[in-house]
Amino acid sequence: MSLRVGPIAYPIGTGAFLGAFFDTVTGRLEDGARGRRFPRLGDLYQHGELDVSHLDAARGELSDIRRQLTLLPPSALIWDLDDPAAAPPWGDDIAASITDLSDYFVTSDGRQLLDVIQTALDTGIRLGRAVSIG
């Protein structure tokens with residue numbers, strides 16, 4: 001999977017990985033109601049695209065998410081909101097450098113997912129184009 005802005009693709013990883021990020025945000029920061037606190041990013045995940053008119057609001061939401069995830073330990077990860085017992089394929093075997101949930105999510109090409117989302121939103125704003133998941 002990747003985030004796309006027109007022909008530009010920002011690799012993420014598997015759908016389960018991206019789902020875990022959004023499920024963690026929903027479960028830990030939105031009291032289980034996706035989009036309650038972060039409606040624009042919730043729309044991106046639920047509908048697969050976010051119109052350019054909502055990208056600036058999504059950047060603000062992402063900043064809040066980043067700040068709040070720094071307060072949660074890696075053990076607060078929710079791999080699958082619908083299956084609380086589910087765990088990532090790597091289990092608890094994570095790098096010692098991962099000290100909180102803001103740095104837990106690393107894309108398939110080794111970048112921080114929060115940074116990739118930020119870059120895609122910034123690019124969408126700069127180019128005047130929607131951001132989509134594909």
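This is a predicted model: local features need pLDDT of at least 70, side-chain atom pairs count only at pLDDT 80 or more; totals for chains, interfaces and linings use all residues.
1. Residues are numbered from 1 along each chain as its sequence is written, and side-chain values use heavy atoms, with hydrogens and water left out.

2. Do look at the sheet. It is open, has 4 strands in the order β2-β1-β4-β3, and its pairing is antiparallel. At the edges are β2 (8-11) and β3 (49-50), each of which pairs on one side only. Strands here are DSSP runs of E with at least two residues, helices are runs of H or I with at least four, and both are numbered from the N terminus; two strands pair if DSSP finds at least two bridges between them.

3. Strand β1 (residues 2-5) pairs with β2 over 4 bridges in the antiparallel sense. Val 5 stands opposite Ile 8 of β2. In the hairpin that these strands form, 2 residues lie between them, and Gly 6 has a positive phi near 60°.

4. Strand β1 also pairs with β4, again antiparallel, over 2 bridges, and Leu 3 has Ile 133 of β4 as its bridge partner. On to β3: 2 bridges join β3 to β4 (residues 131-133), and these two run antiparallel. Here the partner of Glu 49 is Ser 132 in β4.

5. How many cavities of 30 Å³ or more does a search of the whole structure find? The search finds 1. A cavity is a set of points, on a 1 Å grid over the protein atoms alone, where a 1.4 Å probe fits but cannot get out; lining residues have an atom within 4 Å of a point. The largest cavity holds about 40 Å³ of space, a volume being the space filled by probe spheres set on points joined across faces, edges and corners.

6. Among the residues that line the largest cavity are Phe 22, Val 25, Arg 34, Phe 38 and Leu 41. Both α1 (15-29) and α2 (39-47) supply at least two lining residues, and α1 gives the most, with 3.

7. Finally, please check Asp 31, which sits in the loop between α1 and α2. Asp 31 is a residue other than glycine with a positive phi, near 55°. Asp 31 is exposed, at a relative accessible area of 62% (exposed means over 50%, buried under 20%, partly exposed in between, with a 1.4 Å probe and protein chains only).

How values were computed
On a 1 Å grid over the protein atoms alone, a cavity is a set of points where a 1.4 Å probe fits but cannot get out, and a pocket is an open set with protein on both sides within 12 Å along at least five of seven lines; lining residues have an atom within 4 Å of a point.
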